[in-house]
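Please look over the sequence and the structure shown here before reading on.

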Amino acid sequence: MKRLAPIARRAPVMARRIRRMTAACVALAAFMCVSVHAQTLTARLDALLDDWKQKDAPGMAALLIRDGRIEYRKVFGFADLDVRTPITPNTQFLLASVTKQFTAMAIMILVERHKLQFDDTLAKFCPEFPEYARTITVRHLLHHTAGLTQYQELLVGKVDENYFRSSKSPPAAHEFTAAEALQVLSRQQKLRFPPGEKFEYSDSAYVVLGQIIERVTGKRYAEFL
């Protein structure tokens, strides 16, 4: 028994060393996996965006953030082909309808806070609209079923497929404000169709929703977001 005593005393020490070595190996393996994953991810994204790397082509900026860390950031091509302005990390892009998801979420936040309801009518928030506003609900606006005319058509005429693509198109000369769009919409005496009757993609509906957000919160749209 006396011969076993030193071994018995060393056993806890050895066990701790083994645990530490195991933990170190696991940490190293995890680091290597993350490193390999990052390299693989970069390669996959590079391959995905390969078509944007062509010379004399419109470009883009790509950014991937995960857990608060920038894992991928690259820019490709030109912002303006005519004057050959390259895209940089500071190039500003027209977000256009990407903002719709933020508008919808802002409305849902206000519903959650009991500031409005999905079945509240447009007339409740925008009394300047004609009588038909009593038949349009927030839900209709969210679902593109309100029947409002596209405000672009009212302000600049019929919108064709190149409306947002050319630097010489009307928006370049004057960028309409939400207030201007709301004003021209409120002057329309009839809808394109009865609310809820059908789906028709509507920029006007989301302009109106943005104004509802401002009127309910008393804040500018960007400030509330």
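Where does Gln150 lie? Gln150 lies in the loop between α4 (138–142) and α5 (151–156), where helices are DSSP runs of H or I with at least four residues, numbered from the N terminus. This is a predicted model, in which local features need pLDDT of at least 70 and side-chain atom pairs count only at pLDDT 80 or more, while totals for chains, interfaces and linings use all residues. Residues are numbered from 1 along each chain as its sequence is written, and side-chain values use heavy atoms, with hydrogens and water left out.

**Gln150**
- Gln150 is buried, with a relative accessible area of 18%, since buried means under 20% relative accessible area with a 1.4 Å probe and protein chains only.
- Not counting residues up to four places away in sequence, Gln150 touches Tyr201, Ser202, Asp203 and Ser204, contact being heavy atoms within 4.5 Å.
- The side chain of Gln150 also reaches the backbone nitrogen of Asp203 at 3.0 Å.

**Helices α2 and α8**
- Helix α2 (residues 99–112) and helix α8 (residues 203–217) have axes that come within 10 Å and cross at roughly 40 degrees; axes are lines fitted to C-alpha atoms, for helices over the stretch in contact, and angles run from 0 to 180 degrees between N-to-C directions.
- The crossing of α2 and α8 is left-handed, meaning that the near helix is turned anticlockwise from the far one by less than a right angle.
- Residues of α2 including Ile107 and Leu110 meet residues of α8, among them Leu209, Ile213 and Val216.
- The residues of this contact between α2 and α8 divide into eight nonpolar, three polar and two charged, where Ala, Val, Leu, Ile, Met, Phe, Trp, Tyr, Cys and Pro count as nonpolar, Asp, Glu, Lys and Arg as charged, and the others, Gly among them, as polar.

**Helices α7 and α8**
- The axes of helix α7 (residues 178–186) and α8 come within 10 Å and cross at roughly 110 degrees, and that makes α7 roughly perpendicular to α8.
- Ala178, Ala181, Leu182 and Leu185 in α7 meet Ser204, Val207, Val208, Gln211 and Arg215 in α8, a contact with six nonpolar, two polar and one charged residues.
- Ala181, Leu182, Val184, Leu185 and Ser186 are buried in α7, and what covers the buried residues of α7 includes α5 and α8.

Technical notes: Helix = DSSP H or I, 4+ residues; strand = E, 2+ residues; numbered from the N terminus. Buried < 20%, exposed > 50% of the residue type's maximum accessible area, 1.4 Å probe, protein only. Polar contact = N/O pair within 3.5 Å; in protein donor to acceptor, adjacent residues only side chain to side chain. Parallel < 35°, antiparallel > 145°, perpendicular 65-115°, else oblique.
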